Amino acid sequence: MRNKNTKPMTPDVKWKEITPGGMIFDAGNAEDFKTGDWRAMKPIWIIEKCTQCMLCPPTCPDMSIPVKDSKRLDYDYDHCKGCGVCVEVCPFDAITFVKEED
Amino acid sequence: MAIRERLSGNEAMAVAMRQINPDVVAAFPITPSTEIPQYFSQFVANGEVDTEFVAVESEHSAMSACIGAAAAGGRAMTATSANGLALMWEMLYIAASSRLPITMACVNRALSGPINIHNDHSDSMGARDSGWIQLYSENNQEAYDNFIQALRIGEHDDIMLPVMVCQDGFITSHAVENIELLEDDKVKSFIGEYEPDHYMLNSKEPIGVGPLDLPAYYFEHKRQQAEAMKNSKKIILEVAREFEKLTGRKYDLFEEYKLNDAEIALVIINSTAGTAKTVVDKLRANGVKAGLLKIRVFRPFPAEEIANALKHIKALAVMDKAESFSAVGGPLFAEIKSTLYGTADGIKIVNYIYGLGGRDVKADDIETVYSQLSDISKTGNIGETYRYIGVRQ
């Protein structure tokens, strides 16, 4: 059963179509893996308190704090696992940490 | 013209490796398979092959190096025995599930403990569910022939699985026998070039191999892997037919020896089949309808074909050169019994554990088994099914 199918794997792929051995053909596919549903705690960005000091984005292990034109944007909740490092690093209490609601 | 030689089983496998000229051989010495990488490293030193020989620090590393080499797109091989195979355990499964057609010479030896260097089948029987195709060899010729066929089987489009070629440690691995070798160019053309569709050294197509496979995907991969193992039975036969055309030597999923009209029979693996054939001949000369079935392919297990070949037998002994500690019998017994369930229920079937740790199995022992089968056949009384032959009572 040689690998004829080089399409990205999605959770609805059937066993005959899945790439043998789990071989992966597309780069950067971690983005397709929505790890946001692992979250038990959720960081909330309080825009009024934020000074855009830029301390939080580089601490995020999942690159879930998007930055545009030298300013952070709201969280990428599809991928934020809720580790809380950004909450700890913020000197201005501009990030709160709340329980994830179902 | 084929080359007539006299070689030990290990030498025969090393010669097969030389003729195949694989990209990578990674191996760690362990008795009784040590000679294979030893001979092969001489071929490397003499410039007779182009192989990268990786002298690793353990069998876990040997299999890991083979996995890396195969993922990169190369032909990779190793040789091992017993505890060496056990140390590869984790990587055996990874090789198979990553669908890498690695070839292994497994020289069967008793698995510790207590530590023992002599032959039984506890090593490869323990690895029977690792996803490797397993071929077994009665003698040096079969070890050589199986090794060459193994590549074609494992690398086939519909398979892509690693193959383990087993022979009995010392009994055949160190015994010198007459053997017919193929010419180097014939081996080369039989195995062909290995051209995987996808491989890691292909700079035009970057790929990832062996990724994390969470609940959304793992099950589908296992289902697909099982399908490849099912497909392999057909390919093993196709390759055997092609090999027969080349050599005149016929291979099948198993060998039937005077089984057609037999009333009592053994199912047996590897070198002891040779001893048992002598006994069959002797019994036949005395009018006893004895026969045997020698397993060549244990994974995939040719259940349907075996059931068909055995269905007329009255009393059957399954010979296991390995304990399984299931408390009901050895691994081959479990397979054969489940094979016959619902397909040939009338057969009286018993199990003999024999030859553990290199205990000699003599013609007399095999004759005792046949004589007990005759008794079962006559009286219809099976008695204890989980038996031993050759252990001091």
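Helix H5 (89–97), S6, helix H7 (140–154) and strand S12 (297–299) of chain B are among what covers the buried residues of H9(B). Helices (H or I, at least four residues) and strands (E, at least two) are DSSP runs, numbered from the N terminus.

This is a predicted model, where local features need pLDDT of at least 70, side-chain atom pairs count only at pLDDT 80 or more, and totals for chains, interfaces and linings use all residues. Residues are numbered from 1 along each chain as its sequence is written, while chains are lettered from A and ligands numbered from 1 in the order in which they are written.

Let us follow H9(B) itself. Its 30 residues reach 42 Å from first C-alpha to last, close to the expected 44 Å, a span set at 1.5 Å times one less than the number of residues. H9(B) has a kink of about 35 degrees centred on B:Ser232; the bend is the angle between axes fitted to the seven residues ending at a residue and the seven starting there. B:Ser232 is also one of the buried residues of H9(B), which include B:Glu220 and B:Phe243. Buried means that 20 or more other C-beta atoms, placed from the backbone, lie within 10 Å of the residue's own.

Now for the domains, whose bounds come from an automatic or database domain assignment.

| Domain of chain B | Residues |
|---|---|
| domain 1 | 3–247 |
| domain 2 | 255–389 |

Their centres, taken over C-alpha atoms, are 28 Å apart. In chain B, 28 residues of domain 1 are in contact with 21 residues of domain 2, contact being C-beta atoms, placed from the backbone, within 7 Å.

Terms used: Two residues are in contact if their C-beta atoms, placed from the backbone, lie within 7 Å. A residue is buried if 20 or more other C-beta atoms lie within 10 Å of its own, exposed if 12 or fewer, and partly exposed in between; C-beta atoms are placed from the backbone.
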